Amino acid sequence: MNRFDVISTEQMSPRQREVAAAITSGPRGALKGPFLALIHNPELADKVQALGEHLRFGTGLAQRLLEVAVLVTARRWSCQYEWHAHARLAREAGLNEQIIEAIAVQARPASMDDDEALIHDFAHQTVWQGVPSDASFDRWPRATARPWRWT
């Protein structure tokens with residue numbers, strides 16, 4: 001049983017069809033997961049999709065590093081859909097299975113390279129404590145393809 005009715009394309013308003021088309025023609029390729037519920041509010045779906053697309057595809061992080069952050073966050077909030085979807089994506093991106101398994105049980109993976117450890121620690125501190133440590137924050141630019149700092 002779904003909490004939200006799945007809306008067929010024929011049942012969608014013109015704005016819902018416009019947003020659904022933008023989502024399916026982008027890197028996601030389909031209207032699925034949380035967007036099945038979000039499409040009920042097309043303005044919200046459009047904004048969440050744009051933010052999510054940037055975070056997932058526009059950060060400059062290597063895919064395996066991005067998946068570390070997503071998995072840590074999904075596990076913290078017990079988001080089963082995100083966990084299962086992104087565990088698969090992490091494997092496809094070449095993330096070591098031992099890292100995925102450790103995150104699954106809320107343990108710090110033992111066998112990470114420097115960038116994986118940085119992303120793991122930054123994400124873990126942020127989602128569990130609300131803020132990354134100064135040490136993690138100061139190390140952050142090194143792991144990105146486009147070094148930057150928040151100001």
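Which backbone oxygen lies 2.9 Å from a polar atom of the side chain of Gln16? I looked this up and found the backbone oxygen of Ile39.

Notes on the model: it is predicted, so I used local features only at pLDDT of at least 70 and side-chain atom pairs only at pLDDT 80 or more, while totals for chains, interfaces and linings use all residues. I number residues from 1 along each chain as its sequence is written, and side-chain values use heavy atoms, with hydrogens and water left out.

Entry on Gln16. I placed Gln16 in helix α1, residues 14–25 (helices are DSSP runs of H or I, at least four residues, numbered from the N terminus). Gln16 counts as buried because its relative accessibility is 10% (buried means under 20% relative accessible area, with a 1.4 Å probe and protein chains only). Leaving out residues up to four places away in sequence, I found Gln16 touching Ile7, Gln11, Ile39, His40 and Pro42 (contact means heavy atoms within 4.5 Å).

Entry on helix α6. For α6, residues 97–104, I listed Ile99, Ile100, Ala102 and Ile103 as the buried residues. They lie on the same side of α6 because they cover an arc of only 165° around the axis (the arc is that of the directions from the helix axis to the C-beta atoms). The cover over these buried residues includes α4 (63–76), α5 (80–92) and α7 (114–129).

I then looked at the ends of α6. At its start, a side-chain oxygen of Asn96 comes within 2.6 Å of the backbone nitrogen of Gln98. After α6 comes Gln106, with a positive phi near 60°.

Note on methods:
Helices (H or I, at least four residues) and strands (E, at least two) are DSSP runs, numbered from the N terminus. Buried means under 20% relative accessible area, exposed over 50%, partly exposed in between (1.4 Å probe, protein chains only). A polar contact is a pair of N or O atoms within 3.5 Å; within protein, one must be able to donate a hydrogen and the other to accept it, and residues adjacent in sequence count only if both atoms are side-chain atoms.
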